[in-house]
Every structure is written in structure tokens, then in C-alpha cells.
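I opened this model to look up a few local features and note them down.

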Amino acid sequence: MFIGHIAVALGAKKAAPKVSLGTLVLAAQFVDLLWPLLLLLGLEHVRIEPGNTAFTPLDFYDYPISHSLLTGIGWGLAFALVFFIVRRSVANALILSACVVSHWVLDFVSHRPDLPIVPGLGMKVGLGLWNSVPATIIVEGLLFAGGVYLYVRSTHAKDKTGTYAFWSLIVFLFLVWVANMIGGAPPSVEAIAWAGQAMWLLVIWAYWADRHRAAGNMTGVPQ
Ligand SMILES: [Zn+2]
């Protein structure tokens with residue numbers, strides 16, 4: 001899942017209007033930002049296997065540090081702790097930890113049973129939404145639309161950049177999602193890992209767009 005995770009970040013803005021969309025994206029995509037780094041370090045592994053599920057040509061056979069339920073909760077707590085130390089808001093720290101853990105939950109829905117519960121134990125789970133391309137498009141597309149709706153309802157542009165930076169980000173995410181769908185298998189694991197690093201640009205883009213928007217609807221009244 002890709003834009004489904006971003007949808008969580010967008011929707012969470014309603015619950016945490018003072019937290020930048022950049023921080024929310026960082027939280028919701030945290031373990032997927034960690035994953036390419038762990039691939040490059042040789043600590044986690046993925047195999048290119050066209051047809052692994054209908055939706056992805058990747059076999060996620062070894063990613064217990066980034067994608068087990070236990071470590072997912074641990075990353076959520078760590079994220080919340082760091083945020084609390086910097087920003088001193090318990091409520092927002094909790095929302096961000098929920099965003100981090102939501103990643104595992106959404107991956108649990110989409111992946112085939114390849115997500116470990118606890119690193120080192122054999123038990124792996126996944127509901128396999130990715131076995132159906134139409135179902136994946138409907139579920140992930142609706143999630144994304146819902147997230148965009150909530151974000152737009154919870155903020156307004158302070159200037160032109162607030163409109164263009166935000167909507168160009170949304171269009172870009174949508175196009176990357178479509179390109180991933182119709183593009184073939186990636187050439188190598190290294191290519192996957194480096195493409196994954198590019199996700200940091202989305203975080204920066206989200207900070208930039210959010211800085212040009214303010215909480216509240218068009219009249220400036222927070223909802
Ligand atoms: Zn993931």
C-alpha cells in the first residue's frame with residue numbers, strides 16, 4: 001500500500017491540526033522510510049518475483065525490523081517519545097504513534113501473509129487485498145480520496161503556494177501510484193531501495209505545502 005498510508009497522514013490533520021502534514025507523512029510512512037535503508041544495509045531482504053500477488057511483483061520474505069507488529073509498535077512509541085521531547089504535546093504524540101502503527105495495519109490488510117508478528121518467530125500474517133487489483137484500487141483509492149477530503153476540510157491555503165504545492169503533491173502521489181500499477185517489475189533490489197529513498201522528498205514536499213496552509217476552513221474558523 002502506498003497512497004493509503006498517505007491518506008492516514010492527510011486524515012490525521014483533522015485530529016492534529018497543529019502538526020505539519022510533513023510530520024504526519026513521516027509517521028505514517030516511517031517504517032517504509034526505514035525499509036529501503038535496511039535493504040541497502042543488508043539487514044532486510046526482498047526478492048523480485050512477478051506475480052507474487054496480482055498487485056506487486058515483490059516477495060517481502062525478510063523484513064522483521066521494519067514490518068513486524070512488535071517492532072511497528074516499538075517504532076510508534078519511539079516516534080511519539082521523540083515528538084513529545086521536542087514538542088511537549090501528549091495528544092499529538094499519541095496521534096503520531098497511531099499513524100506509525102497504522103502502517104502495519106494497512107500493510108496487514110494488503111499484503112499476503114508475509115508480515116511477522118514478532119521478529120524471529122515464524123508466524124506471518126496478511127489478508128491479501130493485493131490478490132485483487134480492482135479491490136486494491138477501490139480500497140486504496142477511496143482511502144486516499146477520504147484523506148484528501150479531510151485535509152482540505154481541515155485547512156485552507158494562506159497563499160497561492162498553499163494551493164499549488166498541496167494539489168501538485170496530491171496529483172504527483174496519484175501519478176506515482178498509477179505508474180507503479182502499470183509499470184513492470186523493478187530491475188533490481190538496489191533500484192527499489194534507491195527509489196524508496198526518494199520518498200523523503202514527499203516528506204519535504206508535505207512540510208512545504210503545509211507551511212503555506214493554516215488550520216481551519218476557508219473562513220479561518222477551526223472546525
Ligand atoms: Zn510498508
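I am working with a predicted model, in which local features need pLDDT of at least 70 and side-chain atom pairs count only at pLDDT 80 or more, while totals for chains, interfaces and linings use all residues. Residues are numbered from 1 along each chain as its sequence is written, and side-chain values use heavy atoms, with hydrogens and water left out.

**Zinc site.** I looked up which protein atoms are donors of the zinc ion and found Asp32 (OD), His67 (NE2), His103 (NE2) and Asp107 (OD), at 2.1 to 2.3 Å. Donors are N, O and S atoms within 2.8 Å of the metal (3.2 Å for Na, K and Ca); water is not among the atoms, so sites may look incomplete.

I then checked the geometry: the angles among the four donor atoms run from 83 to 170 degrees, and the site is irregular. Four donors count as tetrahedral if all angles lie between 85 and 135 degrees; four count as square planar and six as octahedral if opposite donors are over 155 degrees apart and all others between 65 and 115; anything else is irregular. For reference, the ideal angle for four tetrahedral donors is 109.5 degrees.

**His103 and Asp107.** Both sit in helix H6 (residues 90–110), and because they are four residues apart, about one helical turn separates them. Helices (H or I, at least four residues) and strands (E, at least two) are DSSP runs, numbered from the N terminus. I find His103 buried at 0% relative accessible area, and Asp107 buried at 2%. Buried means under 20% relative accessible area, exposed over 50%, partly exposed in between (1.4 Å probe, protein chains only).

Leaving aside neighbours within four places in sequence, I list Met1, His5, Asp32, His67 and Leu115 as contacts of Asp107; contact means heavy atoms within 4.5 Å. Gly126 is 19 residues from Asp107 in sequence, with 7.4 Å between the C-alpha atoms.

**Ala93.** This residue is also in helix H6, and I note Ala93 as buried at 6%. Not counting residues up to four places away in sequence, Ala93 touches Ala80, Phe83 and Phe84. From Ala93 to Gly74 I get 14 Å, C-alpha to C-alpha, at 19 residues apart in sequence.

**Helix pair H3 and H9.** Helix H3 (residues 30–40) packs with helix H9 (residues 189–197) at about 140 degrees, the axes being 8 Å apart. Axes are lines fitted to C-alpha atoms, for helices over the stretch in contact, and angles run from 0 to 180 degrees between N-to-C directions. I see the contact made by Trp35, Pro36, Leu37, Leu39 and Leu40 of H3 with Ile192, Ala193, Trp194, Gly196 and Gln197 of H9.

**Loops.** Arg88 lies in the loop between helix H5 (69–87) and H6. I note that Arg88 is exposed at 58%, and that its phi is near 60 degrees, positive in a residue other than glycine. Ala198 is in the loop between H9 and helix H10 (199–211), and I record Ala198 as partly exposed at 39%.
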